[in-house]
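Dear colleague,

Here is the structure I promised to pass on to you.

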Amino acid sequence: MNAIRLTTPKEKVQQLQEKLGHAAKENKKRKFHALYDKVYRWDILCEAWNRVRANKGSAGVDALTIADIEKEGVISFLKECQQLLKDGNYQPQPVRRHYIPKKDGKLRPLGIPAVRDRVIQMATKLVIEPVFEADFKEVSFGFRPKRGAKGALERIRKACNRKGNWIVDVDIQGYFDNINQEKLMKLVLMRINDRRVLKLIRKWLQAGVMEDGKVRRSDLGTPQGGVISPLLANIYLNYFDQMWEKHGETVGELTRYADDFVVVCKTKKDADHAYKLITAIMERLELTLHPTKTRIVGLWTGEEGFDFLGMHHRKTKAETSHGKVYYTTQQWLTKKAEERIREVVKERLAPPSMRSSSIEEHVKWLNPKIQGWRNYYATNYSQLKLAKLDWYIVQRLTRWYAKKRQRRRWMSSMQEVKHMAKQCGLKTLL
């Protein structure tokens, strides 16, 4: 029989990842020495480009966009990347600092690396991720292949229903900006001993941030916005997961999504103990818990709840068919998530410039968003909130239509808009 030929870069990359992942699982102490030449393998670079392109994103400090590269030729761009890596001449550029306004009037800093740096970071991630995946724990869900927020939410719901009545809700202060780079590199070294790969990672950590024409470098933190950052952040906090497995498993059940995590405990005493243990492990990692956002929550009476990953969790009374009362954990979308959905819809439909668009165009734009929200937020307990949001979307479309038609009273257009939206196939959250 002929061997199956792997044709696409994606298939070849998957095969390499399976090999590396298997080797890492087989021997937990194995260090990988020869990975750098795989980073500039043609199929890896092609797959890295495809993923960066799919993620979109804007230009870095060199002002070079994805569209510019496509115009000039992707092949020549990737060959240039390959040559730079082969010759050891690759130097990352500083990350472009960009601010987006937050609800409270403050600004959230974002880092935007150059497209070339994103592609090379993605290529490196494709090669080293399977090695670290072999060590990551079941409790961790954020930025990992085939895992996500839904899995984390389900784990928490089940833990709460197994007499988990006390929650330690943890927030790490400025996590990405405060990772100790030396400690991070020591954790990377436990698995990777290829000097050139280690050098690449160090270069990204030290590339710095460009703001107002000045480059600022720091020996703390990982480059936010960098493709490799979530993986590095998970490597750093995997130490926490390991320590928890060793010392905290009897105290409470941990669920972590990147730098957000909760520990579900059975008693207040366990929750207090968990809090102290978390603080002690964080001190080792030189990280600080947010003083007001980290808290212990008692779910027992159903008066208190907590928000995690866009969902509010709370225990409420329910009855069996025999009339026996028990408490069950319910999840519904948070106030913040509701506000965000309203904001997105309003930003689309309220501006005067949007009046020239047709209802078909608006529905086409809204539908994928509505589908995404529905997939994530729809639970048995979110129904009332989702129905209100459906009403809000129709209301916004009606206001838009009334302004477009220059009608003073928008309510009178409601039935007409409902009919048109239905004709166009407007999706609903409920």
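**Helix packing, pockets and a cavity**

H13 passes H15 in a right-handed crossing, where right-handed means that the near helix is turned clockwise from the far one by less than a right angle, and left-handed that it is turned anticlockwise. Please bear in mind that this is a predicted model, in which local features need pLDDT of at least 70 and side-chain atom pairs count only at pLDDT 80 or more, while totals for chains, interfaces and linings use all residues. Residues are numbered from 1 along each chain as its sequence is written, and side-chain values use heavy atoms, with hydrogens and water left out.

Helices (H or I, at least four residues) and strands (E, at least two) are DSSP runs, numbered from the N terminus. H13 and H15 (residues 383-404) pack at an angle of about 15°, with their axes 10 Å apart; the axes are lines fitted to C-alpha atoms, for helices over the stretch in contact, and angles run from 0 to 180 degrees between N-to-C directions. H13 is therefore roughly parallel to H15, on a scale where angles under 35 degrees count as roughly parallel, over 145 as roughly antiparallel, 65 to 115 as roughly perpendicular and the rest as oblique. The contact (heavy atoms within 4.5 Å) is made by Glu338, Ile341, Arg342, Val345, Lys346 and Leu349 of H13 and by Lys385, Lys388, Leu389, Tyr392, Ile393, Arg396, Leu397 and Trp400 of H15. By class, these residues divide into eight nonpolar, no polar and six charged, with Ala, Val, Leu, Ile, Met, Phe, Trp, Tyr, Cys and Pro taken as nonpolar, Asp, Glu, Lys and Arg as charged, and the others, Gly among them, as polar.

On the H3 side the contact includes Ile44, Leu45 and Trp49, and on the H6 side Val119, Met122 and Leu126 are among the residues involved. The residues of this contact comprise 11 nonpolar, no polar and three charged.

A pocket is an open set of points on a 1 Å grid over the protein atoms alone, with protein on both sides within 12 Å along at least five of seven lines; a cavity is a set where a 1.4 Å probe fits but cannot get out, and lining residues have an atom within 4 Å of a point. Grid points are joined across faces, edges and corners, and a volume is the space filled by probe spheres set on the points. Of the 44 residues that line the largest pocket, Arg108, Asp171, Asp260, Lys293 and Lys336 are the closest to its centre. H13 gives the most to this lining, with six residues, and the lining as a whole holds 19 nonpolar, nine polar and 16 charged residues.

The second largest pocket has a volume of about 530 Å³. H1 gives the most to its lining, with seven residues, and the lining has four nonpolar, four polar and nine charged residues.

Finally, the count comes to one cavity of 30 Å³ or more. The largest cavity is lined by Pro92, Gln93, Val95, Pro113, Asp117, Gln121, Trp204 and Ala207.

With best wishes
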